[in-house]
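Hi,

Here is the structure I promised to pass on. Have a look through it first, and then read my notes below.

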Amino acid sequence: MDDREIQLLSQLRAHGVTPQLVDNLPHGWRGAYSKQRGEVYIRSGMATAQRVSALAHELIHVRRGHDGHQDKRTEEYVQRKAALEIVPAAAYMTAELLFEGNVVNIARELDVTPAIIRAYQIERSNCLTCGGVARRVPRHAALWNADRS
């Protein structure tokens, strides 16, 4: 168990949620959250990268007050926020340069899943950096600002 996993488990417990390793999740699911039961279920037997990625994803569901599986758009949103939770920006930038943008190699280097890296890339592409502080700006806002003198 690495430090990220310990921190994510601690955050879940701070929200009053009990994390559990289970063998009986639906096919293809790595984790699930039951708001009614106050439990997060993580598939047992996964590698650290998969466990950490699943824990971060389920933590976002907990924070958002979701219960159970959500629609595709919400799940994609949750995945992007989970990526920001566990991918350090500086480490990502270094890995991206080192591996020339190869998602699988970046994921291996950062010990997360490729899906988390793809979500991170999408989320970062939606942000503009101003003075070292990332802020969310609608894509069309940049076009409006570019036309002004």
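In what order do the three strands of the open sheet come? Before I answer, please keep in mind that this is a predicted model. The order is β1-β3-β2, and the pairing is mixed. That leaves β1 (18-22) and β2 (31-34) as the edge strands, each pairing on one side only. From one strand to the next, the twist averages 20°.

Now for the β1 and β3 pair. These two run in the parallel sense, with five bridges between β1 and β3 (residues 39-43).

Leaving aside residues up to four places away in sequence, arginine 4 touches Thr48, Val52, Leu110, Asp111 and Val112.

Last, the largest pocket, which holds about 350 Å³ of space. Its lining is made up of 17 residues, and Trp29, Arg30, Gly31, His57 and Glu58 lie nearest the centre. β2, α2 and α3 (72-86) each supply at least two residues of that lining, and α2 gives the most, with five. By class, the lining has nine polar, five nonpolar and three charged residues.

Cheers

Methods
Residues are numbered from 1 along each chain as its sequence is written. This is a predicted model: local features need pLDDT of at least 70, side-chain atom pairs count only at pLDDT 80 or more; totals for chains, interfaces and linings use all residues. Side-chain values use heavy atoms; hydrogens and water are left out. Two strands pair if DSSP finds at least two bridges between them. Helices (H or I, at least four residues) and strands (E, at least two) are DSSP runs, numbered from the N terminus. Axes are lines fitted to C-alpha atoms, for helices over the stretch in contact, and angles run from 0 to 180 degrees between N-to-C directions. Contact means heavy atoms within 4.5 Å. On a 1 Å grid over the protein atoms alone, a cavity is a set of points where a 1.4 Å probe fits but cannot get out, and a pocket is an open set with protein on both sides within 12 Å along at least five of seven lines; lining residues have an atom within 4 Å of a point. Grid points are joined across faces, edges and corners, and a volume is the space filled by probe spheres set on the points. Ala, Val, Leu, Ile, Met, Phe, Trp, Tyr, Cys and Pro count as nonpolar, Asp, Glu, Lys and Arg as charged, and the others, Gly among them, as polar.
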